[in-house]
Amino acid sequence: MDRTGAQAAGIYTGFYHYAILPDVTAPSAIIKDAQVQAQKVIWRIASLGGYNEMDLPVALDIENNCVRLSSTKVCKKSATRSAATLWSKTFLKTIKEKTGRTPLIYSSPYFLENSLIRDKELSSYPLWIAQYAIDPAKEGALPNFKLGAHVKAAGCYVHSWTTSGCTANWTVWQYTSCGIAPKYGVPGSRLDLNVFGGGPEKFQSLLTGTWLP
């Protein structure tokens, strides 16, 4: 319903999948789980008729590596960096191969540095980076810096998208979760706000190719 209404108003839309990593260790089991979750996404988009010219590619939201909770909801076991990386690469590759669209990956620089291995294949997917407390409207503002006292840059996060200049090769930057919803015509009180790292041509490249299931 939201997709239909937004597109009717001329707004581009997109979907994201929140990853729940499996409590398994064998690479074959990790791969199978990622393929199953990717297939659920593909079926969901297929049920809507596939991608159209107003749809952005699916984004993989990976920000939690806990695979086992206690009865009190405390994490008892986390996925290893290699397991989380294998799972992510498998999920993204499956979506790309079956839909012809390159998916995005959404995460924080902290998670990317601490929970995933630096990997060339991973870096081929556009990054939707989530980092708050930095105002993108300020001159020279960039995500991927570790913030110390008084919100001053204190080094950078090192991961698959980190550049030689310590910044991140990002496509979308989510910079706050405290946007004033009514200001943007959205019901509720707060919403996430993002900026796009490029011009119209780069944005249009994300929309290339429709997919009919």
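A nonpolar core is a set of buried Ala, Val, Leu, Ile, Met, Phe, Trp, Tyr and Cys residues joined through side-chain atoms within 4.5 Å, where buried means under 20% relative accessible area (1.4 Å probe, protein chains only). The model is predicted: local features need pLDDT of at least 70 and side-chain atom pairs pLDDT 80 or more, while totals for chains, interfaces and linings use all residues. Residues are numbered from 1 along each chain as its sequence is written, and side-chain values use heavy atoms, without hydrogens and water.

**View 1. The largest nonpolar core has 35 residues.** Trp 87, Phe 91 and Leu 127 have the most contacts inside this core. Two or more residues come from each of H2, H3, helix H4 (109-115) and strand S6 (127-130); helices (H or I, at least four residues) and strands (E, at least two) are DSSP runs, numbered from the N terminus. Apart from this core lies another, of six residues, including Ala 59, Leu 104, Tyr 106 and Trp 128. Beyond its neighbours within four places in sequence, Phe 91 is in contact with His 17, Ala 34, Gln 37, Ala 38, Val 41 and Leu 60, contact meaning heavy atoms within 4.5 Å.

**View 2. Helix H2 covers residues 27-47.** The expected span is 1.5 Å times one less than the number of residues; for the 21 residues of H2 this gives 30 Å, and the end C-alpha atoms are 30 Å apart, which agrees. Buried residues of H2 include Ile 30, Ala 34, Val 41 and Ile 45. Strand S1 (16-18) and helix H3 (81-99) are among what covers the buried residues of H2. Gly 49, with a positive phi near 100 degrees, follows H2.

**View 3. Strand S6 pairs with S5 and with S9.** Strands pair if DSSP finds at least two bridges between them. Strand S5 (residues 104-107) and S6 are parallel, over three bridges, and Ser 107 has Ile 129 of S6 as its bridge partner. The β-α-β crossover from S5 through H4 to S6 is right-handed (with the strands pointing away from the viewer, the path from the first strand over the helix to the second runs clockwise). Three bridges also join S6 to strand S9 (residues 172-180), again in parallel, and Trp 128 has Val 172 of S9 as its bridge partner. Leu 127 and Ile 129 point one way from S6, Trp 128 and Ala 130 the other, and all are buried.

**View 4. Asp 55 lies in the loop between H2 and strand S2 (59-61).** Asp 55 is buried, with a relative accessible area of 1%. Its side chain makes polar contacts with those of Gln 7, at 2.9 Å, and Thr 13, at 3.1 Å. A polar contact is a pair of N or O atoms within 3.5 Å; within protein, one must be able to donate a hydrogen and the other to accept it, and residues adjacent in sequence count only if both atoms are side-chain atoms.

Methods. Buried < 20%, exposed > 50% of the residue type's maximum accessible area, 1.4 Å probe, protein only.
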